Amino acid sequence: MDMNKTFFMRKEDRDPRWHLVDATDRVLGRLCTELADLLRGKTKATYTPHTDAGDYVVVINCDKIKLTGKKWTDKMYASFSGYRGGLKETSARDLFAKDPARLIMLGVRGMLPKNKLNRANLKKLKVYVGTKHPHEAQIKGFPETV
């Protein structure tokens, strides 16, 4: 590598890896920051902010996640239908009871930058309840890192 030239990751130079992350007894916010860094590729030496250089991440056991303090009742997730009076707020406990994977997806989505790469980065995140997932063949070639 020539040290007099700035390195920019190209789409052809991408070499994505697959990571398996167990969410058992992990704190939601700390886990989501690690996942966001892996999805963006910030853990690699070839990180380029404007290019999709990240890895694929499979999260298992998302139903065993932890929240600290009173966040189960006090943390609210809002959705707006677009109509007047259409704002709905759901507590973390109610959202977790309905879909545990959604807590992690929303946490990671909030930690990714709000740009055109956001949707592409979120597509590389796979979250599953329990230990069964359909990505065994992809993960088999890579050692566990997180």
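Setting aside residues up to four places away in sequence, Thr 51 touches Met 9 and Leu 117. The model is predicted. Thr 51 sits in the loop between α1 (28-40) and β2 (56-60). The residue counts as buried because its relative accessible area is 14%, under the 20% cut-off.

**Strands β1 and β2**

- Strand β1 covers residues 18-22. Four of its five residues are buried, so the rest of the structure largely encloses this strand.
- β1 pairs with β2 in the parallel sense. Five bridges make up the pairing.
- Leu 20 stands opposite Val 58 in β2.
- From β1 the chain crosses through α1 to β2. This β-α-β crossover is right-handed.

**Helix α1**

- α1 has 13 residues, which should span 18 Å at 1.5 Å a residue.
- Buried residues of α1 are Leu 28, Leu 31, Cys 32, Leu 35, Ala 36, Leu 38, Leu 39 and Arg 40.
- Those buried residues pack against several elements. Among the strands are β1, β2, β3 (76-80) and β5 (125-127). Among the helices are α4 (100-111) and α5 (117-123).
- Gly 41 follows α1. Its phi is positive, near 90°.

**Largest nonpolar core**

- The largest nonpolar core has 27 residues.
- Which residues have the most contacts inside this core? They are Leu 35, Val 59, Ile 104, Val 108 and Leu 125.
- α1, β2, α3 (92-98), α4 and β5 each supply at least two residues of this core.
- α1 gives the largest share, with seven residues.

**Second core**

- A second, separate core has five residues. Among them are Trp 18, Leu 20, Val 58 and Ile 60.
- Leu 20 and Val 58, the residues that stand opposite each other, are both included in this second core.

Conventions: Residues are numbered from 1 along each chain as its sequence is written. This is a predicted model: local features need pLDDT of at least 70, side-chain atom pairs count only at pLDDT 80 or more; totals for chains, interfaces and linings use all residues. Side-chain values use heavy atoms; hydrogens and water are left out. Buried means under 20% relative accessible area, exposed over 50%, partly exposed in between (1.4 Å probe, protein chains only). Contact means heavy atoms within 4.5 Å. Two strands pair if DSSP finds at least two bridges between them. A crossover is right-handed if, with the strands pointing away from the viewer, the path from the first strand over the helix to the second runs clockwise. The expected span of a helix is 1.5 Å times one less than its number of residues. A nonpolar core is a set of buried Ala, Val, Leu, Ile, Met, Phe, Trp, Tyr and Cys residues joined through side-chain atoms within 4.5 Å.
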